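Biologist: I would like to learn how to read a structure that is new to me, one feature after another. Could we begin with a term that will be needed along the way?

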Amino acid sequence: MRHWVCGAVAALAATTSIPALAKGPKFAVSITRTSYGIPHIRAGNWSGIGYGVGYAYAQDNLCMLAEEYATIAGDRSRFFGPKNVATLGFDKIDNLSSDVFFRSVIDLPALRKGYLKQSAAARALMTGYVAGYNRLLRDLGPMGVPAECRGKPWVRPIARDDLLRLSEKQMLLASSLALAPMVVAAAPPAAASSASPSLPKIDPLEPRDIGFGSNGWAFGSELTENGRGVLVGNPHFPWNGPSRFYEMHLTIPGVLDVMGVSIAGAPTVTLGFNKDVAWTHTVTAARHFTIFELKLDPADATAYLIDGKSEKMGKISVSVPMPDGAAPVVRTLYKTRYGPVVFNPLAGFVWTRGKAFALADANRDNQRSLDTWIAIDQARSVADIKHAVSRSLGIPWVNTIATDRTGAVLHADVTAVPNVSAKKAVDCATPLSATLASRLILLDGSRSACGWDSSPGTAAPGLMPASEQAIWERRDYVANSNDNYWLSNAAAPYRQLSPILGLWGTERSLRTRSGLVEIARRLNGSDGLGGTKITQKIAEAMAFANRSLAADLMVDPLLRVCKDQPDLADPCQVLQKWDRRYDLDSRGAYLFMAFFEALKPSAASWATPFDPADPVHTPRDLRTDGEAAGKIVAALRSAVDRLGKEGIAIDAPWSRVQFAVRGADHVPIHGGSGQLGILNVQQSAKAQGGIVPFHGTSYIQVVTFDDKGPVADALLSYSQSTDPASPYFADQTRAFSAKKWHRLPFTSAEIAADGAMTSRISE
């Protein structure tokens with residue numbers, strides 16, 4: 001399989017003219033493909049690295065990436081029809097709304113100015129990436145493009161602007177992008193019409209399990225058997241689309257030697273390891289935007305009052321091209337000093353004659369992120385990582401969990417966050433603020449004093465300094481599963497910070513609790529794995545244990561209730577025999593999942609309520625008295641009925657239920673919903689014969705260190721390539737199914753021992 005890729009790349013070297021080489025190539029890179037198609041990209045400078053990344057990524061994912069460039073340019077309506085659906089971030093949206101959003105929110109002049117402020121290394125990476133992508137297109141030629149997008153007009157060469165748009169889109173992924181329907185639906189009272197985009201029935205602000213998240217654990221010298229750090233990185237990200245991870249190894253001799261993953265458009269490693277440090281990311285609970293409530297000028301619904309003075313809104317005219325030569329669709333949106341006006345009646349954000357609402361996003365024009373990851377890629381200790389994220393405030397919306405070869409561990413919940421203190425959140429509240437406090441910070445936009453505070457020395461005005469965000473530095477462990485900073489170590493809760501960083505002292509998710517329970521079981525030796533220390537192999541077993549904390553809390557009470565129900569004897573017996581895991585051979589897992597979804601447990605379901613003094617083990621004790629027993633019985637009957645309608649036996653093994661479709665093959669997939677307290681998350685959609693993952697465990701790595709460098713085992717659950725014709729379309733998916741970890745080759749000797757072939761490209 002390696003020859004399939006390497007032979008194609010090798011042929012490219014022969015096309016480079018001798019005179020061009022004599023003058024010295026502008027870009028030069030070697031690409032070595034090892035097992036599973038992982039490219040080891042080696043160059044003499046940053047532009048060569050970018051060139052190799054752009055080439056290799058497009059080689060494996062050209063159609064997906066080309067479509068993404070059409071999306072961020074606001075061209076989906078023209079190429080795919082205005083009424084068809086796009087995936088914007090993690091949600092579905094119609095193509096017209098997607099186009100209106102990108103054409104109104106992406107500020108190319110500002111991005112071009114920001115590009116000039118980036119480091120020489122960052123600019124070189126981007127320049128090389130664009131050239132590498134375009135080189136791949138030239139080398140393929142029109143007939144060499146993968147069948148899925150061959151002959152499509154949206155497969156085209158790219159320019160720097162395309163990469164700037166894509167970077168901006170990724171920065172806004174957990175803020176403006178998630179709220180895109182609110183942006184495109186905003187119109188003044190007199191202008192609102194049936195022709196305007198409408199808001200989905202689901203409130204974009206409503207907390208939902210949409211699949212992204214992650215688990216990140218870092219174990220330090222006090223707990224590890226080898227006295228060095230051990231990192232478990234388990235990001236939960238989409239299985240489809242441009243937010244898929246891509247494995248790669250980047251080397252500039254004497255400058256850079258880093259391995260890990262990136263997502264589409266990222267020309268360097270954003271999550272991975274080098275010879276001294278390993279790090280991962282989890283989506284943070286901090287809020288990266290605020291909403292400002294505007295008091296409008298009584299004489300003009302498109303002007304707002306600041307300290308009693310009228311300020312006119314800016315107009316953004318958007319023209320969206322339509323297919324088949326049809327007239328473009330024109331929209332007018334409005335912006336304020338804070339950001340775009342938004343509309344969401346489900347949250348009370350209605351544009352009236354007297355009031356409107358605006359979105360302010362801390363990640364707008366955040367072009368500091370690439371240089372932040374360059375610094376992390378070159379780090380030699382967790383102290384270096386802490387310095388990088390604190391100085392730049394360029395990490396957009398993820399926690400950083402890290403360890404190093406000395407056994408120090410770090411959790412830095414340090415991102416681009418609005419500088420809004422707890423006091424300001426109270427002093428600048430409006431009557432609507434309290435209603436929305438669990439979801440966002442709503443501030444009074446009619447007072448200039450309620451704008452974000454600026455602190456001296458921060459990388460950009462209005463951002464919260466790292467000193468006021470949460471940073472853990474320890475030598476035992478830190479852990480995060482997307483709850484906020486409060487309980488990254490169960491023995492040492494963090495002090496209370498601004499509510500914009502998440503609600504402090506509140507109930508933790510079942511997945512957070514499950515992780516802390518598993519760590520405690522390891523440290524007290526009750527997990528059956530032997531001893532109490534952390535090793536790489538034990539960490540891998542913990543990551544793939546697939547235990548459901550919900551089942552541990554609920555199955556025994558459920559069995560006590562259903563034993564007196566003759567019609568439920570069979571499902572009760574199945575659940576009694578079930579191992580309470582979501583392994584491939586687990587029987588009863590789907591029955592419990594259906595029961596849990598039918599029961600919809602709430603705070604009232606538990607006899608022992610949440611206790612801030614015992615957040616890992618509360619709430620617990622499922623109520624089985626009176627009306628609660630009836631709800632349990634009804635939920636189990638509903639689950640049995642559901643499985644019957646789906647044609648799935650109540651004792652079907654999990655391998656029969658959850659699978660990835662790869663051509664004609666169904667590859668069974670272990671893991672399950674995070675709502676069930678399963679660490680190895682798989683969020684799946686119904687399909688013929690079962691359910692198919694679309695979010696969840698993606699790139700999972702367990703990294704430690706020996707005297708020579710990193711020792712890394714990893715898997716990319718959905719494989720490297722989105723091209724069905726590629727040998728790297730399903731190979732790691734099968735390895736993931738079998739829990740067959742891959743020892744990543746890092747040194748030159750390890751790469752050579754993998755049997756790889758090296759090819760060189762230049763121009």
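Modeller: Let us begin with exposure: a residue is called buried when its relative accessible area is under 20%, exposed when that area is over 50%, and partly exposed in between. Please also keep in mind that this is a predicted model.

Biologist: How does Asp556 count on that scale, buried, exposed or partly exposed?

Modeller: The relative accessibility of Asp556 is 37%, and therefore Asp556 counts as partly exposed. Asp556 belongs to helix α16 while Arg580 sits in the loop between α17 and α18, so the pair ties together parts that are 24 residues apart in sequence. Arg580 itself has a relative accessible area of 17% and is buried.

Biologist: Which residue forms a salt bridge with Lys424?

Modeller: Lys424 is paired with Asp453, and the closest N and O atoms of that salt bridge are 2.6 Å apart. This pair links distant parts of the chain, with Lys424 in helix α12 and Asp453 in the loop between β20 and β21, 29 residues apart. Lys424 is buried, with a relative accessible area of 8%, while Asp453, at 32% relative accessibility, counts as partly exposed. Salt bridges can also be linked in a network, as they are for Lys275, Asp276, Arg380 and Arg405.

Biologist: Where does the disulfide of Cys63 and Cys149 lie in the chain, and why is it left-handed?

Modeller: The sulfur atoms of Cys63 and Cys149 are 2.1 Å apart, and the torsion about their S-S bond is about -75 degrees, so the disulfide is left-handed. The pair links distant parts of the chain, 86 residues apart, with Cys63 in helix α3 and Cys149 in the loop between α7 and α8. Cys63 and Cys149 are buried.

Biologist: Which other cysteines are joined?

Modeller: A disulfide joins Cys428 to Cys450, with an S to S distance of 2.2 Å, and with -90 degrees about the S-S bond this link is left-handed. Cys428 lies in the loop between α12 and α13, and Cys450 in the loop between β20 and β21, 22 residues apart. Another disulfide is formed by Cys562 and Cys572, whose sulfur atoms are 1.8 Å apart; Cys562 is in helix α16 and Cys572 in helix α17.

Biologist: What should I look for in the backbone?

Modeller: Most residues other than glycine have a negative phi, and most peptide bonds are trans. Against that background, Asn482 has a positive phi of about 85 degrees although it is not a glycine, and this residue is found in the loop between β22 and α14. Lys600 also has a positive phi, near 50 degrees, and its place is in the loop between α18 and β23. Asn482 counts as buried at 16% relative accessibility, whereas Lys600 counts as exposed at 63%. The peptide bond from Thr618 to Pro619, in turn, is cis, with omega near 0 degrees, and Pro619 lies in the loop between β23 and β24.

Biologist: How many residues of helix α5 are buried, and which residue caps its N-terminal end?

Modeller: Helix α5 is mostly covered, with 10 of its 11 residues buried, among them Leu96, Phe101 and Phe102. The cap at the N-terminal end of α5 is Asp94, which has a side-chain oxygen 3.3 Å from the backbone nitrogen of Leu96.

Conventions:
Residues numbered from 1 in each chain as written. Predicted model: local features only at pLDDT ≥ 70, side-chain atom pairs only at ≥ 80, totals over all residues. Heavy atoms only, no water. Disulfide = S-S within 2.5 Å. Helix = DSSP H or I, 4+ residues; strand = E, 2+ residues; numbered from the N terminus. Buried < 20%, exposed > 50% of the residue type's maximum accessible area, 1.4 Å probe, protein only. Polar contact = N/O pair within 3.5 Å; in protein donor to acceptor, adjacent residues only side chain to side chain. Salt bridge = Lys/Arg side-chain N within 4 Å of Asp/Glu carboxyl O.
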